[in-house]
Amino acid sequence: MLSLGIMKIGQKIFRTESCASTNDAAQNMALQGEEEGTVVLCEEQTAGRGTKGRKWYSARGKGLYLSIILRPRQRDLSLLPLTAGLAVRDALIESVNVFIQLKWPNDLIYEQKKLGGILCEGSFMGNELSHVILGIGLNVSHRREDFPEEFRSQAVSLKLAIKREVNKEALLSKLWEMLDFWYRDFLKGEKRQIMKAYEEFSVFSLGERIEVETEKEHIKGEYKGIDLRGQLLVRTQEKQRSLLAAEVIQVRGRSKEG
Ligand code: BTN
């Protein structure tokens, strides 16, 4: 096997009962030189963060809240959250036989509800990438009432999905294995393989009508997959667009032309 000189993911794990955000804790460790592959895992986050400045509710003992220090050579990180989604998907299949779908770019979806999410944050020193913190949040043993009321209709946990308790440690060891596998593909630049796998397990099907919100605009069009940079491809009435940062807010069924 090609040696890429990284420490195995999950070989070194810092476990804490409670922290503000595992991404912040891992960030501090990375700045102090902690090795690639090191994980910060906690039972509860008091200031868990989601994408786009949102809060990530992290009920004590109910979920997996973890962050991994990565030090990839490439500066382009856009495929990394997608790669992590694929790893979580494989780990869930192998450890609990749950099949999830991936919603571009960060969401982990089970039967149209949110099971988890990924928060990938890169730190640069000038032009050089110094490290990346890959944060993963997964709802494991939440009951409906453990979710804040406003999210109850859109959120799900593994326990709600399979109606039994989940062995978190078994799930974690599969997760390290799968993250290791997919991260190596990412490092080797296997962009097509990552893109194709992501498209295969996406919640959207090719030709489906979607509505997308970027910082500046609201776009309606047809889902055309993702490109080799992990950008979302949307065909509007005028032209095909490639979007790096956006949120798909509405799905309206397959277009007649698509
Ligand atoms: C999202 O779907 O918006 C991303 C959620 C990411 C949550 C995880 S939990 C562990 C890590 N620490 C954080 O503060 N956030 C991520």
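Predicted model: local features only at pLDDT ≥ 70, side-chain atom pairs only at ≥ 80, totals over all residues.

User: Why is Thr-83 called buried?

Analyst: The word rests on a cut-off: a residue is buried when its relative accessible area is under 20%. Thr-83 has a value of 2%, so it is buried.

User: What makes Asp-180 buried, and where is it?

Analyst: Apply the cut-off again: Asp-180 has a relative accessible area of 5%, so it counts as buried. Its place is in helix α4, which covers residues 168–188. Apart from neighbours within four places in sequence, Asp-180 is in contact with Lys-8 and Ile-9.

User: Which residues of helix α5 are buried, and what covers them?

Analyst: Helix α5 runs over residues 191–200, and its buried residues are Ile-194, Met-195, Ala-197, Tyr-198 and Glu-199. The elements that cover the buried residues of α5 include α2, β4 (101–103), α4 and β9 (218–226).

User: Why is Ala-59 called partly exposed?

Analyst: Partly exposed is the range between the two limits, with buried under 20% and exposed over 50%. Ala-59 has a relative accessible area of 27%, so it is partly exposed. Ala-59 sits in the loop between β2 and β3. Not counting residues up to four places away in sequence, Ala-59 touches Glu-43, Tyr-65, His-142 and Asp-146. Ala-59 and Leu-77 are 18 residues apart in sequence, and 29 Å lie between their C-alpha atoms.

User: What makes the backbone of Lys-52 worth a look?

Analyst: Most residues other than glycine have a negative phi. Lys-52 has a positive phi of about 50° although it is not a glycine. Lys-52 lies in the loop between β2 (39–45) and β3 (63–70). With a relative accessible area of 48%, Lys-52 is partly exposed.

User: Why is Asn-97 called exposed?

Analyst: Exposed means over 50%. Asn-97 has 57% relative accessibility, so it counts as exposed. Asn-97 is in the loop between α2 and β4, and it has a positive phi of about 60° although it is not a glycine.

User: Which peptide bond is cis, and what is its omega?

Analyst: The bond from Trp-104 to Pro-105 is cis, with omega near -5°. Most peptide bonds are trans. Pro-105 is found in the loop between β4 and β5 (107–110).

User: Now the whole chain: how many helices and strands are there, and what makes it as compact as a globular protein of its length?

Analyst: The protein chain has 5 helices and 12 strands. Its radius of gyration is 18 Å, close to the 18 Å that the globule rule gives for 258 residues, so the chain is as compact as a globular protein of that length. Buried residues make up 53% of the 258 residues.

User: Which domains does the domain assignment give, and what do they contribute to their contact?

Analyst: The assignment gives domain 1 (13–200) and domain 2 (209–253). Their contact takes 14 residues from domain 1 and 16 residues from domain 2. The centres of the two domains, taken over C-alpha atoms, are 24 Å apart.

Key:
Residues numbered from 1 in each chain as written. Heavy atoms only, no water. Helix = DSSP H or I, 4+ residues; strand = E, 2+ residues; numbered from the N terminus. Rg over C-alpha atoms; globule rule 2.2 N^0.38 Å. Buried < 20%, exposed > 50% of the residue type's maximum accessible area, 1.4 Å probe, protein only. Domains from an automatic or database assignment. Contact = heavy atoms within 4.5 Å.
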